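This report walks through selected parts of the structure shown here.

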Amino acid sequence: MKKIIMILPVFMVIAYWGCNKMDSTYKEFLKDGPIIYSQKVDSVKVYSGRTRVLITWLPIRDPRVSKLNISWGGNTETKEIPITSVRDTSVLIEGLVEGNYVFNFYTSDNVGNRSVKTEALGTSYDTLYEKGLTLRDINTLTRAGSSVSISYRSVTGVEAYAGQEITYQSSSGGQVKKLILAANASDVTISDFSGGSLTHRSIYKPQSLSPDIFYSVSRMVAVP
């Protein structure tokens, strides 16, 4: 029992010394006061465009936040966006080379406090992406005078397909017209067709809010 009584004070001294050391360590980091963080940007979405991306986020409701800093390319490129209200929730980053990007986000206030980092991945598209887009094939094409009926093959499962653009010469004054066939449609009838051919190409939109659309190759089709 005496041994126990003698050992306890030793442990108490060690514990007290350890706590003091720990406090001293944290005081080094907190010597200028507690660290204050501004609200971080949340639910970031990056929508692909042609050599650009559209970035959106949820409204920032921290009244202290005055700006949002975005960096990419290994932090070699930056953009600063003023935050003046909860309506400031999007920005276009332009002039991007085609490829994949990691975007880093920090909010900050007017006295230098900033948020923890938010990170989001995005892709800028251009000619390389467009060259890989396939043209939707025509299944049947029939003509009766100035009426032309076209039936397209199914595109079920084709990612980012957004419709079909058809260009033809109208029998009304000979003007060139364009019509768009919706992505979920397969059949279309042109009632004012003239001439002996038409052209068509497929439309692609990488995401619902992508700022740009892309096209497959254009093909001329004879209309007998």
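## Sheets, loops and a surface patch

Ile 70 has Phe 105 in E6 as its bridge partner. The model is predicted, so to speak of local features a pLDDT of at least 70 is needed, side-chain atom pairs count only at pLDDT 80 or more, and totals for chains, interfaces and linings use all residues. Residues are numbered from 1 along each chain as its sequence is written, and side-chain values use heavy atoms, with hydrogens and water left out.

Strands here are DSSP runs of E with at least two residues, helices are runs of H or I with at least four, and both are numbered from the N terminus. Two strands pair if DSSP finds at least two bridges between them. E3 and E6 belong to an open sheet of four strands, ordered E4-E3-E6-E7, with antiparallel pairing. Strand E4 (77-82) and strand E7 (118-124) stand at the edges; each has a single partner strand, so one side of each is left without a neighbour in the sheet. On average, neighbouring strands of this sheet are turned by 25° against each other, direction ignored. For such angles, axes are lines fitted to C-alpha atoms, for helices over the stretch in contact, and angles run from 0 to 180 degrees between N-to-C directions.

**The three-stranded sheet.** Another open sheet has three strands in the order E1-E2-E5, again with antiparallel pairing. Its edge strands are E1 (45-48) and E5 (90-94), each of which pairs on one side only. The twist from one strand to the next averages 20°. E1 and strand E2 (residues 52-56) run antiparallel and are joined by four bridges. Val 46 has Ile 55 in E2 as its bridge partner.

Asp 62 lies in the loop between E2 and strand E3 (65-72). Pro 59 lies in the loop between E2 and E3 as well. Beyond its neighbours within four places in sequence, Pro 59 is in contact with Gln 39, Val 86 and Thr 89. Pro 59 and Asp 88 are 29 residues apart in sequence, and their C-alpha atoms are 6.9 Å apart in space.

Buried means under 20% relative accessible area, exposed over 50%, and partly exposed in between (1.4 Å probe, protein chains only).

| Residue | Relative accessible area and class |
|---|---|
| Asp 62 | 12%, buried |
| Pro 59 | 28%, partly exposed |
| Tyr 37 | 47%, partly exposed |
| Tyr 168 | 8%, buried |

**Tyr 168.** This residue lies in strand E10 (residues 161-170). Not counting residues up to four places away in sequence, Tyr 168 touches Gln 175, Val 176, Lys 177, Leu 179, Ile 190, Asp 192, Phe 193 and Leu 198.

**The surface patch.** Tyr 37 is found in the loop between helix H1 (2-29) and E1. Together with Ile 35 and Val 116, Tyr 37 makes a nonpolar surface patch of about 300 Å².

How values were computed. Contact = heavy atoms within 4.5 Å. Patch = residues over 30% accessible without salt bridge, like charges linked within 9 Å, V, L, I, M, F, W, Y side chains within 5 Å. Areas by Shrake-Rupley, 256 points an atom, 1.4 Å probe, with all protein chains shown as cover. Salt bridge = Lys/Arg side-chain N within 4 Å of Asp/Glu carboxyl O.
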